[in-house]
Amino acid sequence: MYVVEIVNHRDIAVRYGYGHAAGVSLELEKQLDTIRRERDLLFRLSESTLVLILFGTRKLGQIRLAASRLTRTFEKLSNADTKIAVGCAGAGGDRVSPVRLLSAADEALSEAALNSARCAVRYGDSLVAKTSVQLMPSHVAHAIEQDELKVWYQPQIDSQTGAVDGAEALLRWPNCPMSAGPEDIVDAAKRGNLIDKLTRAVLNRAIQDWVSWKKLGLDLSLSVNVDPAVLTHPNFANDVSDSLAIWNMPASRLVVEVTENGFNTDDKATYANFEALQELGTGISIDDFGTGTSSLSQFESVPANEVKIDKSFILTLDQERTKRRMVKAIIHLAHSFGKAVVAEGVENEASRQLLVDMGCDQLQGFFFSRPVPVAEFLEFAMRDTEHASTG
Ligand code: G
Ligand code: MN
């Protein structure tokens, strides 16, 4: 199954008019129709998106070949301004529901829109059931060796000014053969005692990226996710301190994000690490706040200066009154204990406005930007500062 999208459909419409954009889309449909055999299916999903199902194209090689043919035929025939991306999903020999296939192809499409080949594939086992991904530590070790793991960034927005003032570093494996997500990677790394190595790799990459942004005049906060297991290792805070010193990044710009249960522990080394980080001056954030089990008394004494409200509270904020009441209470509580508040999972303007009104400090979510590769993040942040400086 192929989902084909004209990535810059909106730009074309703005520049040349909607009639022209519709024409381009029709041309795409015509092109796809020439590839279609009698038994294949072609239908339209939206103005800019078409779905093509080629029956019997089973092998990964065949699927890839057909996909690159799709991109090329169209790019040759139409004017060079039109950019298309193709997301493909194939079940291999397995039986997969059409809905699962479509959602996998659509997922691949979001990835395709970002890569240079403008094409991405989801294939085989990983489609049968998401949970069947069993990533082995050796896969992760290999990926680290081969430099296949990437750090992507999602902007954090100052709710008062609307400007980008931070970035969350997020682990990604763009060409993972079993499409493992960050949680699968971290789990496998923990099983193979690779989690320290992985955390150091992400931290160092992120710090180096931060330094390059700083040279361009961007002074952002940088949030890095740290698994609670890493905090139980006595050297963690030292490693952070060394990395910051090597690249010459001020500790105050770094925020260490730890999930709520990472604080919910009697582990001595963990608390020593928290103390050392505080001494160093890095921020400490309680990630996915609201999903854990810590009590109010713990919240008061927790060694964190920031609370990051879990997206499960934020995604439907504009639709659910109970969520609004919860979030309002969390913000109030956090502020009264002197902690800053970040909301994660802001997906629309209504939720953004609500959070601004509630006094939330920083905002993060698809409404502003998805996590993107470093080059795109930089472009986003620079464009944002240009807007700010030109009024
Ligand atoms: O728990 P943690 O803060 O590490 O989670 C970050 C994850 O949340 C990222 O993988 C990111 O893709 C996801 N995310 C960020 N913003 C949004 C959003 O607006 N909507 C949804 N559904 N997910 C988001
Ligand atoms: Mn996080």
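Reply: Happy to! Let us begin with a term: a disulfide is a pair of cysteine sulfur atoms within 2.5 Å. This is a predicted model, where local features need pLDDT of at least 70, side-chain atom pairs count only at pLDDT 80 or more, and totals for chains, interfaces and linings use all residues. Residues are numbered from 1 along each chain as its sequence is written, chains are lettered from A and ligands numbered from 1 in the order in which they are written, and side-chain values use heavy atoms, with hydrogens and water left out.

Me: How many disulfides does the structure hold?

Reply: Cys 88 is in no disulfide, and its nearest cysteine sulfur is that of Cys 119. Those sulfurs are 4.2 Å apart, which is too far for a bond. The number of disulfides in the structure is zero.

Me: Is Cys 88 buried or exposed?

Reply: Buried means under 20% relative accessible area and exposed over 50%, with partly exposed in between (1.4 Å probe, protein chains only). Because Cys 88 has 0% relative accessibility, it counts as buried.

Me: Which residues come nearest to ligand 1?

Reply: A residue counts as near if one of its heavy atoms lies within 4 Å of the molecule or strand in question. There are 17 residues around ligand 1, and those that come nearest are Asp 288, Lys 311, Glu 344, Glu 347 and Phe 366.

Me: How much of the accessible area of ligand 1 does the protein cover?

Reply: Oxygen atoms of ligand 1 lie 2.9 Å from a polar side-chain atom of Lys 311 and 2.8 Å from a polar backbone atom of Phe 366. On its own, ligand 1 has 520 Å² of accessible area (Shrake-Rupley method, 1.4 Å probe).

Me: Which element gives the largest share of the shell around ligand 1?

Reply: Strands are DSSP runs of E with at least two residues, helices are runs of H or I with at least four, and both are numbered from the N terminus. Two elements give two or more residues to the shell, β7 (164–172) and β10 (283–289). The largest share, three residues, comes from β7.

Me: How do the rings of Phe 263 and Phe 274 pair: stacked or edge-to-face?

Reply: Rings of Phe, Tyr and Trp (its six-membered ring) pair if their centres lie within 6.5 Å; planes under 30 degrees apart count as stacked, over 60 as edge-to-face and the rest as tilted. By this rule there are eight aromatic pairs. In the pair of Phe 263 and Phe 274, the centres are 4.8 Å apart and the planes at 5°, so this pair is stacked.

Me: Which helix holds Phe 274?

Reply: Phe 263 and Phe 274 are both buried. Phe 263 lies in the loop between β9 (254–259) and α11 (268–280), so the pair ties together parts that are 11 residues apart in sequence. The helix that holds Phe 274 is α11.

Me: What kind of pair do Phe 289 and Phe 299 make?

Reply: Phe 289 counts as buried because its relative accessibility is 11%, and Phe 299 counts as buried because its own is 5%. Their ring centres are 5.3 Å apart and the planes at 40°, so the pair is tilted.

Methods
A polar contact is a pair of N or O atoms within 3.5 Å; within protein, one must be able to donate a hydrogen and the other to accept it, and residues adjacent in sequence count only if both atoms are side-chain atoms.
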